[in-house]
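Visitor: Hi! Could you walk me through this model, please?

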Amino acid sequence: MRSMTVDPAKCTRCGICVKVCPAGIVKFGESGLPEMDVRASANCIECGHCALFCPENANFLSFLKNEEMRAASVLKMPSAEEAINFIKTRRSIRSFKITPISPEVFDQIFDTVKFAPTASNRQPVRWIVSADPEKTKEITNLILCWMREEIFKDPTSRISLIGASMIAKAKAGEDALLRGAPHVAVAVVSKDHMWPEDASIALTYLELAAHAHGVGACWGGFLTAAIRNFEGLRECLGISSAEHVCGAQMLGYPQLSPKRQFPTRKPLNISWIK
Ligand SMILES: Cc1cc2nc3c(=O)[nH]c(=O)nc-3n(C[C@H](O)[C@H](O)[C@H](O)COP(=O)(O)O)c2cc1C
């Protein structure tokens with residue numbers, strides 16, 4: 001059972017923990033100290049905000065690991081300009097070195113991905129990652145199998161026309177599908193989960209965390225479509241029919257990187273309503 005312990009010597013009864021609890025289950029008790037309503041504790045989403053926002057560090061939660069907590073004030077932060085440059089310099093990478101990503105770097109990247117927001121803090125995303133570049137090649141071959149099947153079904157469909165070109169390139173030794181990336185990462189959620197966008201957000205964190213480690217990423221549209229539509233590939237990846245494939249990315253160290261930034265973008269389509 002989840003519980004919140006308040007240190008009476010530290011708590012100033014400022015009420016911030018009550019205010020920031022998204023579930024509304026932290027309230028002042030008869031003692032005058034904030035408490036987590038025991039009967040409502042099942043509604044706690046474990047966001048940790050009652051402890052994170054406490055100015056006196058007076059709240060302790062049974063599910064927060066104190067050894068992982070850091071004072072926000074000591075964290076090194078980029079300036080706004082640096083942070084924005086970091087986000088804006090992420091580009092899709094389509095040529096990769098054969099060097100695989102080490103398990104340590106993968107761990108650091110995925111440790112950041114854990115911090116992506118998810119509806120009700122459910123953290124529902126399951127990842128399937130090809131750790132071995134040979135497995136990634138097997139995945140490329142299965143996408144090609146799917147494309148061959150599509151050509152057989154209807155040679156005039158859009159995917160068949162694209163597939164014919166991909167197959168021709170593969171025969172010529174070019175991987176136009178996964179771009180020779182050593183790894184792919186696929187994000188799935190249970191079909192019962194109401195918010196599949198959780199995985200898209202997590203994939204965006206993945207791309208940015210990869211960028212921070214000098215690792216390139218590119219969303220794999222054909223990879224996603226193939227997994228959604230080709231049982232053989234789902235089987236290879238161990239994805240059940242009860243899971244929704246939200247998206248996938250290729251990952252690896254860039255062979256080429258942009259020498260100039262930033263590409264021109266369309267003006268945003270924003271309606272400022274009053
Ligand atoms: C859902 C999605 C699917 C994509 N699929 C592919 C793909 O199959 N192959 C590819 O080379 N790029 C793919 N991309 C990358 C886009 O082409 C790229 O994001 C866009 O051209 C902008 O370039 P940038 O990411 O370098 O800013 C995809 C991007 C998204 C968001």
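Visitor: Which residue is the bridge partner of alanine 185 in β8?

Guide: That partner is glutamine 249. A word on the source: this is a predicted model, where local features need pLDDT of at least 70, side-chain atom pairs count only at pLDDT 80 or more, and totals for chains, interfaces and linings use all residues. Residues are numbered from 1 along each chain as its sequence is written.

Visitor: Thanks! And how many bridges join β6 to β8?

Guide: There are 8 bridges, and the two strands run antiparallel. Strands here are DSSP runs of E with at least two residues, helices are runs of H or I with at least four residues, and both are numbered from the N terminus. Two strands pair if DSSP finds at least two bridges between them.

Visitor: What about β5 and β6, how do they pair?

Guide: Strand β5, residues 126-129, pairs with β6 in the antiparallel sense over 4 bridges. Tryptophan 127 has alanine 187 as its bridge partner in β6, and isoleucine 128 stands opposite valine 186.

Visitor: What is the strand order of the sheet?

Guide: The order is β5-β6-β8-β7, an open sheet of 4 strands with antiparallel pairing. The edge strands, β5 and β7, each pair on one side only. On average, neighbouring strands are turned by 25° against each other, direction ignored. Axes are lines fitted to C-alpha atoms, for helices over the stretch in contact, and angles run from 0 to 180 degrees between N-to-C directions.

Visitor: Which helix lies across β6, β7 and β8?

Guide: That is α7, residues 197-212, running at about 10° to β8.

Visitor: Back to β6: how many of its residues are buried?

Guide: In β6, 7 of the 8 residues are buried, so the strand is largely enclosed by the rest of the structure. A residue is buried if 20 or more other C-beta atoms lie within 10 Å of its own, exposed if 12 or fewer, and partly exposed in between, with C-beta atoms placed from the backbone.

Visitor: Is alanine 187 buried or exposed?

Guide: Alanine 187 counts as buried because it has 25 C-beta neighbours inside 10 Å. Leaving aside neighbours within four places in sequence, alanine 187 is in contact with Val125, Trp127, Ala199, Ala202, Leu203, Cys246 and Gly247. Contact means that the C-beta atoms of two residues, placed from the backbone, lie within 7 Å.

Visitor: And glutamate 243, what does it touch?

Guide: Glutamate 243 touches Val188, Val189, Ser190 and Lys191, not counting residues up to four places away in sequence. This glutamate lies in strand β8 and counts as buried, with 20 C-beta neighbours inside 10 Å. Its C-alpha atom is separated by 8.3 Å from that of aspartate 192, 51 residues apart along the chain.

Visitor: New topic: which residues surround the ligand?

Guide: The ligand is surrounded by Arg91, Ser92, Arg94, Cys218, Trp219, Gly220, Gly221 and Phe222. The cut-off for being near is a C-beta atom, placed from the backbone, within 6 Å of the molecule. Both β7 (216-219) and α8 supply at least two residues of this shell each.

Visitor: What is the shell like by class?

Guide: The shell has 3 nonpolar, 3 polar and 2 charged residues. Ala, Val, Leu, Ile, Met, Phe, Trp, Tyr, Cys and Pro count as nonpolar, Asp, Glu, Lys and Arg as charged, and the others, Gly among them, as polar.

Visitor: You mentioned α8. Which of its residues are buried?

Guide: In α8, residues 221-229, the buried ones are Phe222, Leu223, Ala226 and Ile227. They cover an arc of only 135° around the axis, which puts them on the same side of α8. That arc is taken from the directions from the helix axis to the C-beta atoms. What covers these residues includes α5 (133-153), β6 (183-190), α9 (231-237) and β8 (243-252).

Visitor: Last one, about the backbone: which peptide bond is cis?

Guide: The bond from glutamine 261 to phenylalanine 262 is cis, with omega near 5°. Phenylalanine 262 is found in the segment after β8. For phi, asparagine 57 has a positive value near 55° in a residue other than glycine, and its place is the loop between α2 (49-52) and β4 (59-61).
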